[in-house]
Amino acid sequence: MTISTVGVVGAGIMGGGIAQVCASHGYPVVVVEIDRDRLDHGLKIVHDRLARDAERGRLTQERHERALRRLEGSTEMASLAGADLVIEAVSEDLPVKRRIFDELGDISNADAILASNTSSLSLSELAAASNRPANVIGLHFFNPPTALRLVEVITSGSTAPKTIESAMAFCDSIDRLTVRVKDTPGFIVNRLLVPFIFDAIRMAESGTATAEDIDQASKVGLNHSMGPLATADLIGLDTLVQISDSMFEEYGEPRFKAPTLLRRMVSLGQLGRKSGGGFFDYSSQQGG
Ligand SMILES: NC(=O)c1ccc[n+]([C@@H]2O[C@H](COP(=O)([O-])OP(=O)(O)OC[C@H]3O[C@@H](n4cnc5c(N)ncnc54)[C@H](O)[C@@H]3O)[C@@H](O)[C@H]2O)c1
């Protein structure tokens, strides 16, 4: 099917960025959040980012205004009834996502594609919850979605070929680069990345080196643009724990087990960039 309108569930780090990318590429987008405060907060970050791009000349004033006009917010799932593609980007929590797919199965039009941005959870479970398994696909964007072009396209055994075709064509239309992956926890990138980040955290935990030096060594020695601890802060330490818990549960391998230091930081509300601090301090950069 041809996709003309997009719905996004969740206006957090990923949902807000995905909505912005879709609106910037010409799609009317409805973003749904759990309550008005979170919706306003998520949309404000998107508006500020678009305004910064316009100020810096990365976006003409006209394109900036058009992107803003295409973005609409709602706290009602029913607002997604007219969307041809719905991208779910809520917290990495299976019961929550299952409920959303169940609801989407009831409210969306029969041909709509229902996509999840999950990093590690079973797409097949979400497909089953929707009662429309043929229409369900994983579209795993990367953080920040406005800058990173990769989308892992995840299919379950029930995803229909026409769903895959339309979803891939959609990704092309928003200038993303796609790779196809089977429904396995962590797909390609997180399966490689999570153990790498966890080794860095364990080194920091045991005092092998400072967080600064671990990241500096990775950047200069491996030619990575960002160190593993700064990457953890960017992902969100709570999200990282949720992702790795489901990978550990599935694979049972200790390399996917969240280090104690990471869990402690999450308990203390040190979630990385989004809370102003994690392995590094971002308190002077709050707001998006
Ligand atoms: N953070 C990353 O680097 C990253 C990268 C790729 C994929 N992901 C995946 O994207 C998804 C979202 O992650 P995030 O980092 O944006 O999390 P986040 O915590 O920044 O945002 C999640 C948002 O979902 C909202 N939400 C929760 N339940 C909801 C509901 N029932 N209806 C509407 N909104 C609801 C929350 O209010 C919150 O604003 C997760 O599945 C995560 O694994 C994250």
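**Close-up views of a predicted model**

**View 1. Proline 144 sits in a loop.** Proline 144 is placed in the loop between strands β6 and β7 (150–155). Helices (H or I, at least four residues) and strands (E, at least two) are DSSP runs, numbered from the N terminus. The peptide bond from asparagine 143 to proline 144 is cis, with omega near 0°. Most peptide bonds are trans. This is a predicted model, where local features need pLDDT of at least 70, side-chain atom pairs count only at pLDDT 80 or more, and totals for chains, interfaces and linings use all residues. Residues are numbered from 1 along each chain as its sequence is written, and side-chain values use heavy atoms, with hydrogens and water left out.

**View 2. Aspartate 175 has a positive phi.** The angle is about 60°, although aspartate 175 is not a glycine. Most residues other than glycine have a negative phi. Look for aspartate 175 in the loop between α6 (161–173) and β8 (177–182).

View 3. A backbone N or O atom of methionine 14 lies 2.8 Å from a ligand oxygen. For valine 90, a polar backbone atom is 3.3 Å from an oxygen of the ligand. Isoleucine 235 has a polar backbone atom 2.8 Å from a ligand nitrogen. Alone, the ligand exposes 830 Å², and the protein buries 88% of that. These areas come from the Shrake-Rupley method with a 1.4 Å probe; for residues, only the protein chains shown count as cover.

**View 4. A shell of 25 residues surrounds the ligand.** The closest are Glu33, Glu92, Lys97, Ser119 and Ile235. Helix α4 gives the most to the shell, with three residues. Domain 1 (6–182) and domain 2 (189–277) both contribute residues, so the ligand lies between them. The domain bounds come from an automatic or database domain assignment.

Key:
Near = heavy atom within 4 Å. Polar contact = N/O pair within 3.5 Å; in protein donor to acceptor, adjacent residues only side chain to side chain.
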